[in-house]
Amino acid sequence: MIIANNVSKHFGKLKALNNVSVNCTRGECIALIGPNGSGKTTFIKCILGMVVPDSGFITFNGKNILHDWQYRKNIGYMPQIGRYPDNMTIGQVFNMMKDIRRDAGNQPLDESLLAEFGLPQLLNKRMRTLSGGTRQKVSASLAFLFNPDILILDEPTAGLDPVSAEKLKEKIIHEKSKGKLILITSHILSELDELITQIIYLQEGQLVFHKKLDELKQDTGEQKLSRAIAAVMKK
Amino acid sequence: MKKILKYVFTDILRNKIVIGYTLFLLILSMSVFNLEDNSAKGLLSLLNIVLIIVPLVSIIFSTIYIYNSLEFIELLVSQPLRRKHIWSSLFAGLAGSLCTSFFIGTGIPALLYAPADIALVMTGMGLLLTIIFVAIALLAAVITRDKAKGIGIAIFLWLYFSLLFDGLVLFILFQFQDYPLEKFMVGASMLNPIDLGRILILLKMDMSALMGYTGAVFRELFGTATGFMIAIFVLIAWAALTFWLSLRRFNRKDL
């Protein structure tokens, strides 16, 4: 569904992405792994069109995403740090998003996560008064709200309490079973084990490998993802 | 696009500064017209307000507003929306609300107290200047990521257009006073929307005699209907071109 072709991006002297090419297909749950500053978030932002690559291109269902905007109807994005207009309430943010995205195909809304996180009780709270965790809950609920074909989750469980993180993980597994493409970045490898099917490993903006989880386990002879990645990093 | 515009509008209205600006303009113009029994004098005082305060408020408020809504912009960009529409909505929302403020605060009192044709020209100039300076603010805000720098650029641009530019022109005039510079002056005035606005209003008020021989040249060009249309066209081009530049920048900006 998403094919990146030799995508490169510089920020000044820093090479955030260097000739990254990957092919992400439907029904997979892919983990983007790499040290801090390895270009994971930049790559995600490239897919979303928030960052425009210097060279290379990304296609979505065979169409180049440059100058396109319709394709974002199919994407639910949960940013690493959810930033929302300060003086809007949670309810207003949800209404605005529904208003913006609704006529773009009248899919039924998926409000299950909203209910699970207990957000309906908080609808009148202003965004600026929210804690980091609640903000994450809002971001997660928004990402799943429109039943998108693709979910892009940037460190989804960072800042969530264990119960909520578990609920989110269950939701991810549930969506995966529906055959959606899910991209996750995370530093907590232990929680990825039960979610993912493929791994993209980035280091200093360069793609080190893109493998199936089973392959990686075989290659390294380890049973746990965290150990397998540690084995790779040592090399 | 209409939807985004709706949210920009409600957001600006929730921000009480625009309402304060309207009241400030209203009080100012009412007092100016009520202090002077001669409406021409009142208009002249008002002219200075229009030419100094309107660009200042437009440019500063818009720059700060854009920086403060960066989160909002970021949120919208990741949604199925065209960047062009997001940016145009911000522009339309800012220009629309500030123009409404100006129209209520200064336009209506001027139309009530002053001769219709001069009041119309002045209101029109004020509205055009508002739009131009919102566009300049958008350009300043899109060029740099740093809020302090962006606001600094905005203030400097305002200073340049309202003070420094005239200083530069005067300097050139004195340096080359042996040469006929009237044509040059006409050209130079096109480079500054505030100057162009001032000239058009003064010409309408029959104050061109105060501007000496250059005033006569201006009268010759801008006094005619064609010249007036040209000036309006130049002002509109200022707004359109600046906005287009900022839009181009925004389309390629990394968020």
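## Ground rules

Two strands pair if DSSP finds at least two bridges between them. Helices (H or I, at least four residues) and strands (E, at least two) are DSSP runs, numbered from the N terminus.

This is a predicted model, in which local features need pLDDT of at least 70 and side-chain atom pairs count only at pLDDT 80 or more, while totals for chains, interfaces and linings use all residues. Residues are numbered from 1 along each chain as its sequence is written, and chains are lettered from A and ligands numbered from 1 in the order in which they are written.

## The six-stranded sheet of chain A

Six strands of chain A form an open sheet with mixed pairing. Their order is S6-S7-S8-S3-S9-S10. Strand S6 (75-78) and strand S10 (206-212) of chain A each have a single partner strand, so one side of each lacks a neighbour in the sheet.

Strand S3 (residues 29-33) and strand S9 (residues 198-203) of chain A run parallel, joined by four bridges. Leu32(A) stands opposite Ile200(A) in S9(A). Helix H4 (residues 132-145) of chain A packs on the sheet. This helix touches S6 and strand S7 (150-154) of chain A, and its direction makes about 175° with that of S6(A).

## The four-stranded sheet of chain A

Four strands of chain A form another open sheet, in the order S2-S1-S4-S5. Here the pairing is antiparallel. Strand S2 (14-24) and strand S5 (63-64) of chain A are the edge strands, and each pairs on one side only.

Strand S1 (residues 2-11) of chain A pairs with S2(A) over seven bridges, in the antiparallel sense. His10(A) has Lys15(A) as its bridge partner in S2(A).

## Chain A overall

Chain A has eight helices and 10 strands. Its C-alpha trace spans about 50 × 40 × 35 Å along its principal axes. A compact globule of 235 residues would have a radius of gyration near 18 Å, and chain A agrees, with 18 Å. That radius is taken over C-alpha atoms, and the globule rule is 2.2 Å times the number of residues to the power 0.38.

A residue is buried if 20 or more other C-beta atoms lie within 10 Å of its own, exposed if 12 or fewer, and partly exposed in between; C-beta atoms are placed from the backbone. Buried residues make up 40% of chain A. Ile172(A) is buried because 23 other C-beta atoms lie within 10 Å. Its place is in helix H5 (residues 162-177) of chain A. Leaving out residues up to four places away in sequence, Ile172(A) touches Ile182(A) and Leu195(A) (contact: C-beta atoms, placed from the backbone, within 7 Å).

## Where the chains meet

18 residues of chain B are in contact with 18 residues of chain A. On the chain B side, helix H1 (2-14) and helix H4 (70-77) of chain B each supply at least two residues. H4(B) gives the largest share, five residues.

## The nonpolar core

The largest nonpolar core has 134 residues. Such a core is a set of buried Ala, Val, Leu, Ile, Met, Phe, Trp, Tyr and Cys residues joined through C-beta atoms within 7 Å. Helix H6 (residues 116-143) of chain B gives the most to this core, with 18 residues.

Ile132(B), Val134(B), Ala135(B) and Leu138(B) have the most contacts inside the core. Beyond its neighbours within four places in sequence, Ala135(B) is in contact with Phe91(B), Ala239(B), Thr242(B), Phe243(B) and Ser246(B).

Definitions and conventions:
Two residues are in contact if their C-beta atoms, placed from the backbone, lie within 7 Å. Axes are lines fitted to C-alpha atoms, for helices over the stretch in contact, and angles run from 0 to 180 degrees between N-to-C directions.
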